[in-house]
Amino acid sequence: MSIALDEARAAALRGEVPVGAVVTDPEGRIVAQAGNRTRELADPTAHAEVLALRAACARAGSERLPGHALWVTLEPCPMCAAAIGFARIARLYYGASDPKSGGIEAGPRVFAHPQCHHTPEVYDGIAAQEAAQLLRDFFSGLRG
């Protein structure tokens, strides 16, 4: 999670919402990492999770990542949760909860939906305080 937090800090320095993600292979090796780039790329789908999944899939030469884990600093939104399921991620670890825009424990609860084809093991609250503080600092800087 420390590398995902580094990606989130880098995203904040670029003026992006500070969210970072890391994909690890079944042996625990990092195969991709990314931070949000929605503003930089003018792409509403350029969330950290989607970018990391795209890079990991390209590296694997497959649209599926069985046995892989995704580490992300913020509860994934519904779009990212769907992508996580489509990629067949085995384990999802995330930091801060997102009651406003989350798609796992908040909002639509994508993995609990009967049309969800794959549900990863989900572990929440990993470095949640630090991840939440990055977000609070970023948004208070915008309002300040």
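This is a predicted model: local features need pLDDT of at least 70, side-chain atom pairs count only at pLDDT 80 or more; totals for chains, interfaces and linings use all residues.
1. Cys-57 is buried, at a relative accessible area of 16%, where buried means under 20% relative accessible area, exposed over 50% and partly exposed in between, computed with a 1.4 Å probe on protein chains only. This residue belongs to helix H3; helices are DSSP runs of H or I with at least four residues, strands are runs of E with at least two, and both are numbered from the N terminus. Beyond residues up to four places away in sequence, Cys-57 touches Ser-62, Glu-63, Arg-64 and Leu-65, contact meaning heavy atoms within 4.5 Å.

2. Residues are numbered from 1 along each chain as its sequence is written, and side-chain values use heavy atoms, with hydrogens and water left out.

3. The protein chain contains 5 helices and 5 strands, and from the N terminus its elements follow the order α-β-β-α-α-β-α-β-β-α. Its radius of gyration is 14 Å, close to the 15 Å that the globule rule gives for 144 residues, so the chain is as compact as a globular protein of that length. The radius is taken over C-alpha atoms, and the globule rule is 2.2 Å times the number of residues to the power 0.38. Along the principal axes, the C-alpha atoms fill a box of roughly 45 × 30 × 30 Å.

4. Of the 144 residues, 44% count as buried. Among contacts between residues at least 6 apart in sequence, 54% join residues at least 24 apart.

5. Leu-5, in helix H1, illustrates such a position. Leu-5 counts as buried, at 4% relative accessibility. Leaving aside neighbours within four places in sequence, Leu-5 is in contact with Thr-73, Ala-127, Glu-130, Ala-131 and Leu-134. The C-alpha atoms of Leu-5 and Thr-73 are separated by 6.3 Å, although the two residues are 68 residues apart along the chain.

6. The largest pocket holds about 550 Å³ of space. A pocket is an open set of points on a 1 Å grid over the protein atoms alone, where a 1.4 Å probe fits, with protein on both sides within 12 Å along at least five of seven lines; lining residues have an atom within 4 Å of a point. Points are joined across faces, edges and corners, and the volume is the space filled by probe spheres set on them. The lining comprises 22 residues, and Val-17, Leu-74, Asp-98, Leu-135 and Phe-139 lie nearest the centre of the pocket. Helix H3 (48-60) and helix H5 (128-143) are the elements that give two or more residues to this lining, with H5 giving the most, 5 residues.

7. By residue class, the lining of the largest pocket divides into 11 nonpolar, 5 polar and 6 charged residues. Here Ala, Val, Leu, Ile, Met, Phe, Trp, Tyr, Cys and Pro count as nonpolar, Asp, Glu, Lys and Arg as charged, and the others, Gly among them, as polar.

8. The count of salt bridges comes to 7, each being a side-chain nitrogen of Lys or Arg within 4 Å of a carboxyl oxygen of Asp or Glu. Arg-14 and Glu-40 form one of them, at 3.5 Å from N to O. This pair links distant parts of the chain, 26 residues apart: Arg-14 is in the loop between helix H1 (2-13) and strand S1 (20-24), and Glu-40 is in helix H2 (residues 38-41). Arg-14 is partly exposed at 31% relative accessibility, as is Glu-40 at 46%.

9. Glu-40 also meets Arg-37 in a salt bridge, at 2.4 Å from N to O; Arg-37 is partly exposed, at 26%. Elsewhere, Arg-29 pairs with Glu-27, with the closest N and O atoms 2.9 Å apart, and Glu-27 is exposed at 56%. Asp-6, Arg-9 and Glu-130 are linked in a network of salt bridges.

10. Most residues other than glycine have a negative phi. Arg-88, however, has a positive phi near 60° and lies in the loop between helix H4 (78-86) and strand S4 (91-96). The phi of Arg-109 is also positive, near 45°, and this residue is in the loop between S4 and strand S5 (121-123). Arg-88 is partly exposed at 22% relative accessibility, and Arg-109 is partly exposed at 46%.
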